[in-house]
Amino acid sequence: MSGLPGASTCPGPGEASDLKSPLGAKFREPLTEARFQQLFGDAEQEAELLAEPRWSRLRRLWRRRARACSGPGAWRLLRARLPPLRWLPHYRWRPWLLGDAVAGVTVGIVHVPQGMAFALLTSVPPVFGLYTSFFPVLIYTLLGTGRHLSTGTFAVLSLMTGSAVERLVPEPLEGNLSGIEREQLDAQRVGAAAAMAFGSGALMLGMFALQLGVLATFLSEPVVKALTSGAALHVLVSQLPSLLGLPLPRQIGCFALFKTLAAVLTALPRSSPAELTVSALSLALLVPVKELNVRFRDRLPTPIPGEIVMVLLASVLCFTSSLDTRYNVQIVGLLPGGLAELPRILADSLPMALVTFAVSASLASIYADKYSYTIDSNQELFAHGVSNLISSLFSCFPNSATLATTSLLVDAGGNTQLAGLFSCMVVLSVLLWLGPFFYYLPKAVLACINISSMRQMFFQMRELPQLWRISRVDFAVWMVTWVAVVTLSVDLGLAVGVVFSMMTVVCRTQRVQCLALGLAEGTELYRPLRESHKLLQVPGLCILSYPTPLYFGTRGRFRRILEWHLGLGEGGKVRDLVKGEYGFFGGGRQEAPKTDGPPDAVAEPVRVVVLDCSGVTFADAAGAREVVQLASRCRDAGIHLLLAQCNASVLGTLTQAGLLDRVTPEQLFVSVQDAAAYALERLVRRQ
């Protein structure tokens, strides 16, 4: 019958064909699924399992679970939940210890200014950024499986947390708070931020209990990169008031970026020259140092700690020059404390939990592939869930793996999670002894550190031309997510990106190409007819490959394509529907496909059809019923239907839907070659 444009599966009587050539190349009898199970399967054991009573199967499962509670089972569970028990006995102390120590100290030095800077994004006092750079790092070292992963404060999470904190604990409209009122407001905001860490940690532990580590796959690479790149723009704009010395309230909700820009432009004449000078000098130091670290990363023994140098210099300058009293420069000030409550935060904690796990799992996978080891995605859920939940009790805000410090740890020679302990020692020393020295640190310097830390995220946009060449669908996902993050908000942009990404997957299953196959003469290979005009086409035989899942969303498309190829339905009405309304490949209204074969009126009718199901990865109840209906219609039309290469899941679904009431087990084959050989023999016998 008819095939793809430019090809015909079922040519007319005048076309050349050779039924004997394929049969002459046959070396064995065609194998059906039933015969294959008899020869190579374990049919007897499967029959026993099917005949086994339900209570017996449950009892056998219970015994298997109970064995896990034995001594060896408990030890295996402990080693699975505490990864150091697996890697520490095999730790190579002499070659690895120095690298871990240098990398850990380097990352710890960066954690100090970066933690305080990201605390400003979270709308909490800077000291809580140091807490978040200590407790989560220590916990992940004990529970994580990513050997090269560095956790702590992350700009995207800090921005999302800050927006939620400003909404839950807004600053009074009258402003000009007294010292006590400011401390009370900060304590409430610390409590709200810690509650979000608790909520996101509890959600991740719930996902771990349900073994939902696979959910990370729904945040594709374009979505994650567009999210971080768009969030970097939010960070840049949100730091402009601190950069210019403008005491503006933080904008939250949709279009917050544009509201902040409008407020900054309106208040620009009131900017502080002193803070503007501090910001300019800080950026003049930080940006070149960042560039030097990138350009000469192979030559430098360890990256230049520009952030900590800038923090020390600015603190000394502000203290000696009294910038806070003479020029009203905003400084860090005292370090307040506070504990957490759990208010209305679950709606805000869910996107934070997803971002935490997606970014951390993707980073861990990248370096695991690079250094040839494996990670456990469910254990990562457990590690980050416990890390957020326990650290929230110490007034920490949500945390995750970070792009910049992970790259820094690898460049500095880190080998294992032991580097995290050295990083914790650096941060702990600052918390215990060096905290008072940051009293006079200008907040403008922290804003500059935030902006300079976004370099890597902004440069992700350089990958867009290559992404356009590789996959325009992924390019569209990237752009839609980025625009949604920038124009709406980070959490809403994430939701838009995930939904749009999933919709592209669904739409691509709707635009599938059903391929008509032909035989490469002298071989047993069946290839799409559109690839070559030299493929053998047998009169009366139609071989079709349907390479997509068969579910409720594709069942209509499947039915129309099969009606087109097999001549079922109401004659030309079906073909007009397929040509006009849906297009041959689902691409909209288009012209009728052209074929090399004769018109349908003179083409030989299909007598045998082989449906290659190797591309049908799964089938639901609606799809299975569609195949059963197709079998009934083929039987009524005198067409012999053969199914080839169905996987066990699809075959089980079709069987439960009643397929074996319409076809016999001899019509189910293990491969297209076997089904085609059987079909050719059948056609020869009928001739």
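This is a predicted model: local features need pLDDT of at least 70, side-chain atom pairs count only at pLDDT 80 or more; totals for chains, interfaces and linings use all residues.
Two strands count as paired if DSSP finds at least two bridges between them. Six strands make up an open sheet, in the order S4-S3-S5-S6-S7-S8, and the pairing is mixed. Strand S4 (526-528) and strand S8 (668-669) sit at the edges; each has a single partner strand, so one side of each has no neighbour in the sheet.

Strand S5 (residues 541-545) is a handy place to look at both kinds of pairing. On one hand, S5 runs antiparallel to strand S3 (residues 515-519), and two bridges join them. Here Leu 515 stands opposite Ser 545 of S5. On the other hand, S5 pairs with strand S6 (residues 608-612) in the parallel sense, over five bridges. In that pairing, Leu 541 has Val 608 of S6 as its bridge partner. Further along, strand S7 (residues 640-644) and S8 are also joined in the parallel sense, through two bridges, with Ala 644 standing opposite Phe 669 of S8.

What about the side chains of S5? In a regular strand, side chains alternate between the two faces of the sheet. In S5, Leu 541, Ile 543 and Ser 545 point one way, while Cys 542 and Leu 544 point the other way. Both sets are buried, and the strand is mostly covered, with five of its five residues buried.

Zooming out, the protein chain holds 31 helices and eight strands. Of its 687 residues, 50% count as buried. The chain exposes about 32500 Å², and carbon and sulfur atoms supply 62% of that area. Sequence distance is worth a look too: among contacts between residues at least 6 apart in sequence, 82% join residues at least 24 apart.

Nonpolar side chains tend to be buried together in soluble globular proteins. In this model, the largest nonpolar core has 61 residues, and those with the most contacts inside it are Val 156, Val 355, Met 457 and Val 490. Helix H18 (residues 346-370) gives the largest share of this core, eleven residues. Apart from this core lies another one, of 37 residues, including Ala 516, Ala 520, Val 609 and Cys 634.

Two more residues show how parts of the chain that are separated in sequence come together. Val 107 belongs to helix H7 (residues 93-121). Its relative accessible area is 1%, which is under the 20% cut-off, so Val 107 counts as buried. In sequence, Val 107 and Ala 419 are 312 residues apart, yet in space they are 8.7 Å apart, C-alpha to C-alpha. Leaving out neighbours within four places in sequence, Val 107 is in contact with Ser 150, Thr 405, Leu 408, Leu 409 and Ser 423. Thr 406, meanwhile, has its place in helix H20 (residues 403-411). With a relative accessible area of 0%, Thr 406 is buried. Not counting residues up to four places away in sequence, Thr 406 touches His 148, Leu 149, Ser 150, Leu 363 and Tyr 367.

Some nonpolar residues are found on the surface instead. Trp 75, Leu 78, Leu 82, Leu 85 and Leu 142 form a nonpolar patch there, and together they have about 430 Å² of accessible area. One of them, Leu 85, lies in helix H6 (residues 84-87). Its relative accessibility is 31%, so Leu 85 counts as partly exposed.

Finally, a word on backbone angles. Most residues other than glycine have a negative phi. Ser 123 has a positive phi, near 65 degrees, and is not a glycine. Ser 123 sits in the loop between H7 and helix H8 (127-132), and is buried, with a relative accessible area of 10%. Gln 645 also has a positive phi, of about 60 degrees, although it is not a glycine. Gln 645 is found in the loop between S7 and helix H30 (648-656), where its 36% relative accessibility makes it partly exposed.

Notes. Residues are numbered from 1 along each chain as its sequence is written. Side-chain values use heavy atoms; hydrogens and water are left out. A nonpolar core is a set of buried Ala, Val, Leu, Ile, Met, Phe, Trp, Tyr and Cys residues joined through side-chain atoms within 4.5 Å. Buried means under 20% relative accessible area, exposed over 50%, partly exposed in between (1.4 Å probe, protein chains only). Helices (H or I, at least four residues) and strands (E, at least two) are DSSP runs, numbered from the N terminus. Patches are made of residues with over 30% relative accessible area and no salt bridge: like charges are joined within 9 Å, nonpolar side chains (Val, Leu, Ile, Met, Phe, Trp, Tyr) within 5 Å. Accessible areas come from the Shrake-Rupley method with a 1.4 Å probe; for residues, only the protein chains shown count as cover. A salt bridge is a side-chain nitrogen of Lys or Arg within 4 Å of a carboxyl oxygen of Asp or Glu. Contact means heavy atoms within 4.5 Å.
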